[in-house]
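Subject: Structure handover

Hello,

Please find the structure below. My notes on it follow.

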Amino acid sequence: MWLVATGVHLLIWLIMCAVTLSLNHSPFFIWPLIGGAVIVVPWWLAVRGRSKERVTRS
């Protein structure tokens, strides 16, 4: 979901650049990309091993 939101932000930024024919707009899609990575990557690393433990215990 985080990458989808970042993709939507990127698409909106690209449309804004195409309409105005300028790249002078602030690339606001970078903030959800960085912020999402700071939250999602450690969370994924923390739960990655837990799902394997559940499968092997059953």
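In which helix does Leu3 lie? Leu3 lies in helix α1; helices (H or I, at least four residues) and strands (E, at least two) are DSSP runs, numbered from the N terminus.

Two remarks on the source come before the rest. This is a predicted model, in which local features need pLDDT of at least 70 and side-chain atom pairs count only at pLDDT 80 or more, while totals for chains, interfaces and linings use all residues. Residues are numbered from 1 along each chain as its sequence is written, and side-chain values use heavy atoms, with hydrogens and water left out.

Overall: the secondary structure comes to 2 helices and 0 strands. Of the 58 residues, 10% count as buried (buried is under 20% relative accessible area, exposed over 50%, partly exposed in between, with a 1.4 Å probe and protein chains only). The accessible surface of the protein is about 4,900 Å², and carbon and sulfur atoms hold 74% of that (Shrake-Rupley method, 1.4 Å probe; for residues, only the protein chains shown count as cover).

Together with Ile30, Leu33, Ile34, Val38 and Ile39, Leu3 makes a nonpolar surface patch of about 550 Å². Patches are made of residues with over 30% relative accessible area and no salt bridge, with like charges joined within 9 Å and nonpolar side chains (Val, Leu, Ile, Met, Phe, Trp, Tyr) within 5 Å. A salt bridge is a side-chain nitrogen of Lys or Arg within 4 Å of a carboxyl oxygen of Asp or Glu. Helix α2 supplies the largest share of the patch, 5 residues.

Thr6: this residue is found in helix α1, residues 2-20. Thr6 has 8% relative accessibility and therefore counts as buried. Beyond its neighbours within four places in sequence, Thr6 is in contact (heavy atoms within 4.5 Å) with Phe29, Pro32 and Leu33. Thr6 and Leu33 are 27 residues apart in sequence, with 5.8 Å from C-alpha to C-alpha.

Leu21: this residue lies in the loop between α1 and α2 (30-57). Leu21 counts as exposed because its relative accessibility is 77%. Although not a glycine, Leu21 has a positive phi of about 55°. Most residues other than glycine have a negative phi.

Regards
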